[in-house]
Amino acid sequence: MEEYLNKGIKDVISRFPKVADILNEYNIGCVPCSVGSCLLKDIVQIHNLSSEDEEALMTKIAKVIYPDRGIKMPKIQRKTQPKSREIKYSPPIKKLVDEHALIKKWLVLIPAVINDLNIETEDGRKLIYDGVYFIRSYADKFHHAKEEDILFKYFDENLDIIKSMHEDHETGRGHVKAIIEALERKDKKALIEHLNGYKELLMGHIKKEDDILYPWMDRGLSLQQVGELFSKFNEAEEKIGKEVVERCERFVKGAEEKLLKKQKEEEKT
Ligand SMILES: [Fe+2]
Ligand SMILES: [Fe+2]
């Protein structure tokens, strides 16, 4: 049975597809993960299952792998003990979660941006260019850089969960490049495709970080590391500059007001 605990989850799922349904029952979405070679035994730790849930999950998986034999999965030796499932972020991680909140405010506006898209006017194009400035400056140069250059360095970057986050950041950069190119050649179809692609990707990415990655990281950080992270994040904030952050915050607020006002006017007519 140990053999399966040390196997990549995608291998286990491809041999025993029912395992994916069992993981889904416990809100463990391994199937959409682009990397997916996390070991079965790591999944329990990363997702912070309680001892009872771990036992129930493992019993169900053992029944799928060995339907005719009453084999039980051995208890997994954890590096950190399960804590309450209620998420309490440490102060530096909370900063990242708050940044996600601003990024999401822009992402949820994207359907309205598409609905109102007019690339023939300067105003119409400006909204897209400003949105790209926000993504490149705030979401990428500021937020993703804090993750890639600071936070992720405290962990083994060969772990699939971190590789998968890097891949999402890269895919996002590809969408942003494609948005600019589509705008320059006035290709509305491609522009819509990549605006939607970016929105879908980042929404899912943020959820994975807020619900799984950050809590798992918080459980592994020592008090001293939490303090270090907090000061390194402060330095990153100083480096990008208060004016850039404020400009980005103003942009999202302004876009929200403008698009929501337009929506209300359209509802009246
Ligand atoms: Fe990220
Ligand atoms: Fe993030």
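Of the 269 residues of the chain, 23% count as buried, a residue being termed buried if 20 or more other C-beta atoms, placed from the backbone, lie within 10 Å of its own, exposed if 12 or fewer do, and partly exposed in between. The model is predicted, and local features are accordingly reported at pLDDT of at least 70 and side-chain atom pairs at pLDDT 80 or more, whereas totals for chains, interfaces and linings use all residues. Residues are numbered from 1 along each chain as its sequence is written, with chains lettered from A and ligands numbered from 1 in the order in which they are written.

The secondary structure comprises 12 helices and 0 strands, where helices (H or I, at least four residues) and strands (E, at least two) are DSSP runs numbered from the N terminus. The C-alpha trace spans about 70 × 40 × 35 Å along its principal axes. Among contacts in the chain with a separation of 6 or more, 77% are accounted for by residues 24 or more positions apart, two residues being in contact if their C-beta atoms, placed from the backbone, lie within 7 Å. The domain assignment gives domain 1 (2-65) and domain 2 (91-268), with bounds that come from an automatic or database assignment. The centres of domain 1 and domain 2, taken over C-alpha atoms, are separated by 30 Å.

The largest nonpolar core has 24 residues, and those with the most contacts inside it are Ile 9, Cys 30, Ile 43, Leu 213, Tyr 214 and Met 217; a nonpolar core is here a set of buried Ala, Val, Leu, Ile, Met, Phe, Trp, Tyr and Cys residues joined through C-beta atoms within 7 Å. At least two residues of this core are supplied by each of α2 (9-15), α3 (18-25), α4 (40-46), α5 (51-65), α6 (91-107), α9 (160-184) and α10 (188-220). Domain 1 (2-65) and domain 2 (91-268) each contribute at least three residues to this core. Another core, of 17 residues, lies apart from it and includes Ile 103, Ile 135, Ala 182 and Leu 191.

Helix α6 also packs against helix α12 (residues 242-268), the two axes coming within 10 Å and crossing at roughly 35°; axes are lines fitted to C-alpha atoms, for helices over the stretch in contact, and angles run from 0 to 180 degrees between N-to-C directions. The crossing of α6 and α12 is left-handed, that is, the near helix is turned anticlockwise from the far one by less than a right angle. In this contact Leu 102, Lys 105 and Trp 106 of α6 meet Glu 249, Val 252, Ala 255 and Glu 256 of α12. By class, the contact has 4 nonpolar, no polar and 3 charged residues, with Ala, Val, Leu, Ile, Met, Phe, Trp, Tyr, Cys and Pro counted as nonpolar, Asp, Glu, Lys and Arg as charged, and the others, Gly among them, as polar.

Individual positions were also examined. His 144, in helix α8 (residues 122-150), is buried because 22 other C-beta atoms lie within 10 Å. Not counting residues up to four places away in sequence, His 144 touches Ala 139 and His 169. The C-alpha atoms of His 144 and Met 165, 21 residues apart in sequence, are 9.7 Å apart in space. Asn 196, in helix α10, has 14 C-beta neighbours inside 10 Å and therefore counts as partly exposed; its C-alpha atom is separated by 7.3 Å from that of Ile 110, 86 residues apart along the chain.

Arg 250, in helix α12, counts as exposed, since 11 C-beta neighbours are found inside 10 Å, and the C-alpha atoms of Arg 250 and Asn 234, 16 residues apart along the chain, are separated by 21 Å. Lys 186, in the loop between α9 and α10, likewise counts as exposed, with 11 C-beta neighbours inside 10 Å. Phi of Lys 186 is near 50°, a positive value in a residue other than glycine. Most residues other than glycine have a negative phi.
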